Amino acid sequence: MSEIYEKMVKEAIAAQKADLETIRKKRGGQFKVTDTKAYLDVVNKMTVADGQSKSVIDLHVDSVNAHYNTLTGLTDTVRPEDDPFVEHYQTPAVLEILYKEDEAFKMSVDKFIDAIGKSEALIGREVVRRYGGFYGPTCVVDFALIPGSTSNVVNQILQNVDIPLEHKQAILSAKSWGMNTSYGIGEVFSDEIEKGATLADALKNEIKMIKHVYENPIDAQTELMAAAGHESFDVNKYMLQYKKKMEKTVKAAMDDGVHYGNIVTVPAYCVGDISHHMAQSTYNMCKDDVILAVIDATTNVMESTLTKAIPKFKNEYEPLALATGSSACSVEYILELDGFNAPMIVDLLTKRFHNYVQQYPTRGAAAELHNCDFMDMIYRGWKHMDKERRMKNGSKGPLEPDVEGFKVNLDPIHKNEVLMNPQRYAYPACAISVRFSALMRLADYPCLLTSEPVTATMMTNIISMHKESPASPARVCKGCASASLVDFRHDYCQWREAV
C-alpha cells in the first residue's frame with residue numbers, strides 16, 4: 001500500500017506545481033490556453049497501481065485531454081469573466097451519454113424531473129431562504145450537503161422519489177462534484193422577484209429552470225452561458241465535441257461497473273486547472289508578490305509534510321486529510337503572523353455577507369462560495385493551531401500542529417523571503433497588515449490553497465480503489481465555519497440524510 005500512498009502524493013503535488021510554476025513564469029502576462037500544457041503533461045503521467053480501476057483513472061486522464069484539445073481547437077485564450085465556467089461543461093455531456101446508453105437511468109431521471117415539478121413548497125421555501133440570506137454565507141454548488149446548497153435541495157427531493165438507490169446517488173452526485181450546468185438554486189427566483197414578478201410566477205420559472213438542467217443538460221448550459229454574456233468560445237460546440245471524445249471512456253467505465261455517481265464527477269473535477277486555476281484572472285491576481293508567496297509557501301508546507309508522512313500512512317484517506325489539513329494550518333498560521341485568526345475573519349465575512357445581501361439582492365448564486373471555502377479552511381487550521389499553541393505553552397521550539405496524528409511542517413513559511421519581509425510591500429514602519437490583505441484577496445479565490453488540483457488528483461486515486469461507491473457529495477459534517485462560530489444552521493443540513 002505504501003506504493004499507492006507515494007503515488008498519490010507525487011501525482012497530486014506534481015499537479016499543484018505544474019500550476020504554480022506556470023503562474024510564476026507567466027504572471028502579469030497574457031494568458032494562452034496552451035500555457036496549461038504543463039498540467040496536461042503531468043496528468044498524462046498518472047499511472048494505475050495494483051488495486052486501482054483503470055477505467056476510473058481513464059475518466060480523469062481522458063477528460064483532461066479532451067478538455068485541452070477541444071478548448072485549444074476553439075480559442076487561443078479565455079477572458080476572466082468566462083474562466084470560472086470551464087469546469088461546468090463536462091457533466092452535462094457525460095449525463096447525456098448515460099441517458100443514451102442506459103434507458104433505465106434515463107427513466108429514473110425523468111421521474112426525478114417529475115418530482116421537481118411537484119415540489120413547489122419545498123423549492124419555494126429554499127429559494128426564499130437563499131434570496132433573503134437566511135442560511136448566512138453558503139456555497140450554492142457545495143461538494144457537501146450544507147444548508148442553501150443545490151445538492152441539499154436535490155437530496156430532499158430525491159428522498160421521496162421511487163427509483164433505484166444507485167440512480168438517486170448518481171443524480172445527487174451530478175449536482176455536487178459533478179457540475180451539471182452552472183445553475184445554482186434560487187438564481188432565477190431572485191432575478192424574477194427583483195424584476196417585479198409575483199412570488200408565484202418567480203417560483204414557477206425557478207422550477208422550470210431546475211427541470212431544464214436535467215431534461216436537456218447541454219442545451220441548458222448553452223442558454224445559461226448566453227445569458228451570462230460568455231464570449232471566449234462556442235460553448236455548445238465545446239460540449240458536443242467533448243461528448244464525442246468521451247463516449248468510449250464513459251462506456252468503458254459503465255462496463256467496468258463504476259458507479260454512475262463517480263462517472264459524472266471524476267471528468268469534471270480534474271479539468272479546472274486548464275483555463276481556470278491557470279488563467280488570465282490568476283495571472284492578474286498573482287502579479288502581487290505576497291499573494292504568490294502565500295501560494296508558494298503553502299504548497300511547500302503541504303509537500304514537505306506529505307512526503308515525510310508517506311511511510312506512516314495506514315489508509316488511502318489519510319494523504320487527502322493531511323494535504324488539506326496541512327494547507328489549512330499554513331494559511332491560518334500566515335493569518336496569525338499579522339495578529340488575526342479564523343474566528344475574527346469568520347465574524348467579519350459573515351457580517352459582510354448580510355450587508356452584501358441587502359446591497360445586492362440579485363447577487364450571483366455563487367458570489368460567496370469561495371469566501372465559504374476560505375472560512376472553512378482557516379477555521380479547520382485554527383482548530384489545529386489553537387490546540388498546538390495550548391500544548392506548546394511557553395516551551396521553546398517551532399509550532400508543529402497535529403493533523404490526523406501527523407506533524408505539519410511550517411518551516412517553509414519562515415524560509416519564504418517575501419512573507420518574512422512584509423515591510424518591503426507597504427509603508428515599512430507600519431507594515432502590519434500586508435499578509436492579511438493578501439489573504440483577503442485569496443478569500444475570493446483559494447483554489448490553489450485548499451488545493452483543488454491536489455484534492456482532484458487524490459480523489460481520483462481514492463475513487464479508483466472504490467469504484468462501486470459514490471464518492472460525492474461528501475457524506476460528513478463539514479464543520480462549516482460560519483455555522484460553527486456565528487450562525488445557527490446545523491438543523492438544516494442534509495449530511496445524515498444523504499441518499
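This is a predicted model: local features need pLDDT of at least 70, side-chain atom pairs count only at pLDDT 80 or more; totals for chains, interfaces and linings use all residues.
Figure 1. His259 touches Glu166, Gln169, Ala170, Lys467, Glu468, Ser469 and Pro470, when neighbours within four places in sequence are left aside. The residue lies in the loop that joins helix H12 (235-255) to helix H13 (260-263). With a relative accessible area of 7%, His259 is buried, because a residue under 20% counts as such.

**Figure 2. Thr138 in the loop between helices H6 and H7.** The loop that holds Thr138 runs between helix H6 (120-132) and helix H7 (150-158). The relative accessibility of Thr138 is 5%, and the residue therefore counts as buried. Its side chain reaches the backbone oxygen of Pro147 at 2.5 Å. Beyond residues up to four places away in sequence, Thr138 is in contact with Ile146, Pro147, Gly148 and Ser149, and also with Glu368, Leu369, Cys372 and Arg489.

Figure 3. Ile113 and Lys211 are 98 residues apart in sequence, while their C-alpha atoms are 5.6 Å apart in space.

**Figure 4. Packing of helices H9 and H10.** Two packed helices are described by the angle between their axes and the distance between the axes. For helix H9 (residues 187-195) and helix H10 (residues 199-215), the angle is about 150° and the axes are 8 Å apart. An angle over 145 degrees counts as roughly antiparallel, and H9 and H10 are therefore roughly antiparallel to each other. Their crossing is right-handed. On the H9 side, the contact is made by Glu187, Val188, Phe189, Glu192 and Ile193. H10 contributes Leu199, Ala202, Leu203, Asn205, Glu206 and Met209. Sorted by class, the residues of this contact are seven nonpolar, one polar and three charged.

**Figure 5. Packing of helices H1 and H16.** Helix H1 (residues 2-26) packs with helix H16 (residues 289-309) at an angle of about 160°, and their axes are 11 Å apart. That angle makes H1 roughly antiparallel to H16. The crossing of the two helices is left-handed. From H1, the residues Val9, Ile13, Gln16, Lys17, Leu20, Ile23 and Arg24 take part in the contact. They meet Leu292, Ile295, Asp296, Thr299, Met302, Glu303 and Leu306 of H16. By class, the contact has eight nonpolar, two polar and four charged residues.

**Figure 6. Packing of helices H18 and H19.** Helix H18 (residues 342-359) and helix H19 (residues 369-392) have axes 9 Å apart and pack at an angle of about 160°. H18 and H19 are therefore roughly antiparallel, and their crossing is left-handed. The residues of H18 in this contact are Ala342, Pro343, Ile345, Val346, Leu349, Thr350 and Arg352. Those of H19 are Asn371, Phe374, Met375, Ile378, Tyr379 and Trp382. The contact comprises 10 nonpolar, two polar and one charged residues.

**Figure 7. Buried residues of helix H21 and the helices that cover them.** In helix H21 (residues 434-442), the buried residues are Val434, Arg435, Phe436, Ala438, Leu439 and Leu442. Their cover includes helix H15 (280-285), helix H17 (317-337) and helix H22 (447-450). H16, H18 and H19 also belong to this cover.

Technical notes:
Residues are numbered from 1 along each chain as its sequence is written. Side-chain values use heavy atoms; hydrogens and water are left out. Axes are lines fitted to C-alpha atoms, for helices over the stretch in contact, and angles run from 0 to 180 degrees between N-to-C directions. Helices (H or I, at least four residues) and strands (E, at least two) are DSSP runs, numbered from the N terminus. Angles under 35 degrees count as roughly parallel, over 145 as roughly antiparallel, 65 to 115 as roughly perpendicular and the rest as oblique. A crossing is left-handed if the near helix is turned anticlockwise from the far one by less than a right angle, and right-handed if clockwise. Contact means heavy atoms within 4.5 Å. Ala, Val, Leu, Ile, Met, Phe, Trp, Tyr, Cys and Pro count as nonpolar, Asp, Glu, Lys and Arg as charged, and the others, Gly among them, as polar. Buried means under 20% relative accessible area, exposed over 50%, partly exposed in between (1.4 Å probe, protein chains only). A polar contact is a pair of N or O atoms within 3.5 Å; within protein, one must be able to donate a hydrogen and the other to accept it, and residues adjacent in sequence count only if both atoms are side-chain atoms.
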